[in-house]
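Subject: Handing over the structure

Hi,

Here is the structure I promised to pass on to you. Please open it alongside this email, and my notes follow below.

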Amino acid sequence: MTYTETDLVATMERLAGADLAALTQQQRDWLDQFHAGGPEAVDRLLPGLRLAAGSTVLDIGSGLGGPARQIARSTGATVVGVDITPAYVEAAQELTDAAGLAERVRFFCSDIAGYDQDGFDAGYTMHVQMNVEDKKAFFAGIAHRLRPGAPFATFEVCLGAGGRPAPPLPWSLDGSDSFLIAADELRDTIRAAGFEPVEWVDETEWVRQWFEDLGKRLASGEARATLPALLADGPMRMLNYAVAVSEGTVTVHRGLFLRTAA
Ligand SMILES: C[S@@+](CC[C@H](N)C(=O)[O-])C[C@H]1O[C@@H](n2cnc3c(N)ncnc32)[C@H](O)[C@@H]1O
């Protein structure tokens, strides 16, 4: 089982040496974006989501809520996150309250099948489906929650060439909950669940460069309180992910889809 951390906010405060309310946005970005690419990856999804103040957005597998808060801040949209890990949902809500965004960003502890609101104007998921064995049901569940024509953005890890990446990985401590499939198969699975592909971009080289830059920033001591420090076995998980990206055993693909009419 992965995602076993508890008392995440207390750990963040200890790592940063500051109360939650006193953390700068940059400090929060180091800690609450649980995917390769940090806030810059979220920026890459934003244009396709076509959001404006008042839009409603669904974040599936919202983690610690970094992407949800970033999107709410930069667009004025209302974001709902669903995630199956109770300690993450609790931390996401606490971070959101501290950021003063509680009126526009909220989180529910649920999988997509158990969440019953629909009619969202847009949706996105970042680094989540690797943990989902039944991808057909997962993406069909998302399609049911979005209004016809709604954009749906993905930023996901896929199986590359040359074998499976070695655990521990950010999404799997021992490999037993890692369900990677090839990029083309993932795109076709999303399409079959009720989405028309608009963009399907291989971002692996961009992610490889991001890991390289991150390594340099960490070595220079620029940031002490970072996501790897927050997670169980975090540095090794991130290192294995970076190696898998550079060796090509995984790829990272960004997708943009439109919800087809039901
Ligand atoms: C690698 S983290 C990514 C978190 C967030 N999307 C981000 O990019 O910051 C994966 C998240 O997916 C959640 N998750 C895994 N399987 C899920 C499922 N079937 N439904 C909802 N959330 C799930 C985990 O609890 C975890 O918070």
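By class, the shell around the ligand is made up of eight nonpolar, eight polar and one charged residues. Please keep in mind that this is a predicted model. Which residues of the shell come nearest to the ligand? Of the 17 residues around the ligand, these are F34, H35, G61, D83 and T85.

- At G61, a backbone N or O atom lies 2.7 Å from a nitrogen atom of the ligand.
- At D83, the side chain takes part: one of its N or O atoms is 2.6 Å from an oxygen atom of the ligand.
- At M126, a polar backbone atom is 2.9 Å from a nitrogen atom of the ligand.

How much of the ligand does the protein cover? On its own, the ligand has 600 Å² of accessible area, and the protein covers 95% of that. As for where the ligand sits, the space it takes is the largest pocket.

Next, the annotation. An unreviewed UniProt entry places the feature "domain: Methyltransferase" at residues 57-149. In the model, the chain over residues 57-149 is 37% helix and 22% strand.

The peptide bond from P167 to P168 is cis, and its omega is near 5°. You will find P168 in the loop that runs between β5 (151-159) and α7 (183-192). The other spot is D7, which has a positive phi of about 50° although D7 is not a glycine. To find D7, look in the segment before α1 (8-16).

That is what I have for now.

Best wishes

Note on methods. Residues numbered from 1 in each chain as written. Predicted model: local features only at pLDDT ≥ 70, side-chain atom pairs only at ≥ 80, totals over all residues. Heavy atoms only, no water. Near = heavy atom within 4 Å. Polar contact = N/O pair within 3.5 Å; in protein donor to acceptor, adjacent residues only side chain to side chain. Areas by Shrake-Rupley, 256 points an atom, 1.4 Å probe, with all protein chains shown as cover. 1 Å grid on protein atoms, 1.4 Å probe; cavity = no way out; pocket = protein on both sides within 12 Å on 5 of 7 lines; lining within 4 Å. Sits in = over half its atoms within 2 Å of the grid points. Nonpolar A, V, L, I, M, F, W, Y, C, P; charged D, E, K, R; others polar. UniProt positions renumbered as here; feature names shortened; annotations may be inferred. Helix = DSSP H or I, 4+ residues; strand = E, 2+ residues; numbered from the N terminus.
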